[in-house]
Amino acid sequence: MAEAVKRIPYDEFASHLADFFERVTRDNETILVEREDGEAVVLKPVETGEPGKRKRTKEEHEAFLASAGGWSDVDAFLEKIYESRNMPPRPLIEL
């Protein structure tokens, strides 16, 4: 079961900032800092590791492969754009 979030008043947090930082980073503790007016901020540890090294699921891999087909007609689209740029904007005037 998940551990309850510790609620800390802002004044206590401000006066012991380094201690709370240690609790969050070292002990992987989540802290909710609250002001008297009701505003709140949650401090929690971040997962460390190399970006992009997360193991992808089979569903994510299949979704990636399925999205690759969505660009199959881009070449034909670009060809039509470049072709239309070479067309004159108005019909030619015959004299």
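Analyst: R35 is partly exposed, because its relative accessible area is 43%; buried means under 20% of that area, exposed means over 50%, and partly exposed lies in between (1.4 Å probe, protein chains only). This is a predicted model, in which local features need pLDDT of at least 70 and side-chain atom pairs count only at pLDDT 80 or more, while totals for chains, interfaces and linings use all residues. Residues are numbered from 1 along each chain as its sequence is written, and side-chain values use heavy atoms, with hydrogens and water left out.

The side chain of R35 meets that of E39 in a salt bridge, at 3.5 Å from N to O; the term means a side-chain nitrogen of Lys or Arg within 4 Å of a carboxyl oxygen of Asp or Glu. E39 is also partly exposed, since its relative accessible area is 45%.

Next come the strands. Strand β2 covers residues 31-34, and strand β3 covers residues 40-43. Helices (H or I, at least four residues) and strands (E, at least two) are DSSP runs, numbered from the N terminus. β2 and β3 run antiparallel and are joined by four bridges; two strands count as paired if DSSP finds at least two bridges between them. One of the bridge pairs is E34 with A40 in β3. The hairpin of β2 and β3 has five residues between the strands, and G38 there takes a positive phi near 100°.

Strand β1 (residues 6-9) pairs with β2 in the parallel sense, over four bridges. Within that pairing, I8 has V33 of β2 as its bridge partner.

I31 lies in β2 and counts as buried because its relative accessibility is 0%. Beyond its neighbours within four places in sequence, I31 is in contact (heavy atoms within 4.5 Å) with residues including V5, F20, V24 and V42. The C-alpha atoms of I31 and A4 are 9.3 Å apart, although 27 residues separate the two along the chain.

Which residues make up the largest nonpolar core? It has six: I8, F13, F20, V24, I31 and V33. A nonpolar core is a set of buried Ala, Val, Leu, Ile, Met, Phe, Trp, Tyr and Cys residues joined through side-chain atoms within 4.5 Å. Helix α2 and strand β2 each supply at least two residues of this core. In soluble globular proteins, nonpolar side chains tend to be buried together. I8 has contacts of its own with F13, F20, I31 and V33, among others.

R26 is exposed because its relative accessible area is 56%. E22 is partly exposed at 36%, and D27 is partly exposed at 42%. The structure holds five salt bridges.
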